[in-house]
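Dear colleague,

Please find below the structure that I am handing over to you, together with its sequence. My notes on what was found follow directly after it.

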Amino acid sequence: MVTAIYPGSFDPVTYGHLDILKRASALFDKVIIAVGTNLRKHAMFSLQTRLDMLKEVTGGTENIDPYPNVEIKTFPGLLVDFAWEQKAGAIIRGLRALSDFEAEFQMALFNRHMEPGISTVFLMPHARYTYVSSSAIREIAQYSGLCGSKEKDLSEFVPPIVAERLKEYFKR
Ligand code: PNS
């Protein structure tokens, strides 16, 4: 039985993340989505909100099939420590474009240095999601309907519950 960890900030979860999750859950016996802290980024949504959104969109609501072999957890420290505690054999990362590669390569090699028994596996999302990132979604949502711009439809990129939360966040 091979467990894989799918870590990320998920700030917020997008259809790109869900595409990678679907591919990973077909390849591994168990996939643990691990919501962590990226010290290089300032999170917009709280850890709890990110977790709640992930639970909703993987739980069989939102017209998305439930993922039976997926669990969702948070981890406070280093990813490899969490992966080791969970007895995981692999870490999943989505790779969209060449620009992702440098940082991912460094992280994968550092993680392998710290835990040689855990391999990073890179998966590519469907081409329609190769340009989708949480940060771009946050930026568009922030300006949507403001500064003379029309309200933007993000339904191709994020599940309805996430679009709702983004709207609420920027209304405040
Ligand atoms: O979605 P993101 O922001 O690309 O996810 C990055 C994340 C959270 C997976 C990464 O920053 C992480 O693993 N953070 C925990 C600390 C750690 O283990 N860093 C790796 C050092 S090389």
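Helix 2 consists of 12 residues, and the distance from its first C-alpha to its last is 17 Å, close to the 16 Å expected at 1.5 Å a residue. That expected span is 1.5 Å times one less than the number of residues. Helices (H or I, at least four residues) and strands (E, at least two) are DSSP runs, numbered from the N terminus.

Please note that this is a predicted model, in which local features need pLDDT of at least 70 and side-chain atom pairs count only at pLDDT 80 or more, while totals for chains, interfaces and linings use all residues. Residues are numbered from 1 along each chain as its sequence is written, and side-chain values use heavy atoms, with hydrogens and water left out.

The buried residues of helix 2 are Arg50, Leu51, Met53, Leu54, Val57 and Thr58. They fall within an arc of 160 degrees when seen down the axis, so they line one face of helix 2; the arc is that of the directions from the helix axis to the C-beta atoms. Buried here means under 20% relative accessible area, exposed means over 50%, and partly exposed lies in between (1.4 Å probe, protein chains only). An α-helix has 3.6 residues a turn, so residues three or four places apart point the same way. The buried residues of helix 2 pack against helix 1 (15-27), strand 2, strand 3 (70-74) and helix 6, where contact means heavy atoms within 4.5 Å.

Helix 6 also has 12 residues, and its end C-alpha atoms are 16 Å apart, which agrees with the 16 Å that it should span at 1.5 Å a residue. Its buried residues are Ile161, Val162 and Leu166. These cover an arc of only 140 degrees around the axis, which puts them on the same side of helix 6. They pack against helix 2 and helix 5 (134-143).

**Aromatic pairs**

The structure holds 6 aromatic pairs. Rings of Phe, Tyr and Trp (its six-membered ring) pair if their centres lie within 6.5 Å; planes under 30 degrees apart count as stacked, over 60 as edge-to-face and the rest as tilted. Tyr6 and Phe10 are edge-to-face, because their ring centres are 5.4 Å apart and their planes stand at 85 degrees. Tyr6 counts as buried at 4% relative accessibility, and Phe10 is buried at 3%.

Phe45 and Tyr169 form another edge-to-face pair, with 5.6 Å centre to centre and 65 degrees between the planes. Phe45 lies in the loop between strand 2 (30-35) and helix 2 (47-58) and Tyr169 in helix 6 (residues 160-171), so the pair ties together parts that are 124 residues apart in sequence. Phe45 is buried at 5% relative accessibility, whereas Tyr169 is partly exposed at 27%. Ring pairs link Phe45, Tyr169 and Phe170 into a cluster.

Phe170 is also in contact with Arg138, as are Asp11, Pro12 and Met44, leaving aside the neighbours of Arg138 within four places in sequence. Arg138 is located in helix 5 and counts as buried at 17% relative accessibility.

**The ligand**

Of the 13 residues around the ligand, Ser9, Asn38, Lys41, Leu79 and Arg93 come nearest; a residue is near if one of its heavy atoms lies within 4 Å. A polar side-chain atom of Ser9 lies 2.5 Å from an oxygen atom of the ligand, and for Arg93 a polar side-chain atom lies 2.8 Å from an oxygen atom of the ligand. A polar backbone atom of Thr37 is 3.3 Å from a nitrogen atom of the ligand.

With kind regards

Key
Polar contact = N/O pair within 3.5 Å; in protein donor to acceptor, adjacent residues only side chain to side chain.
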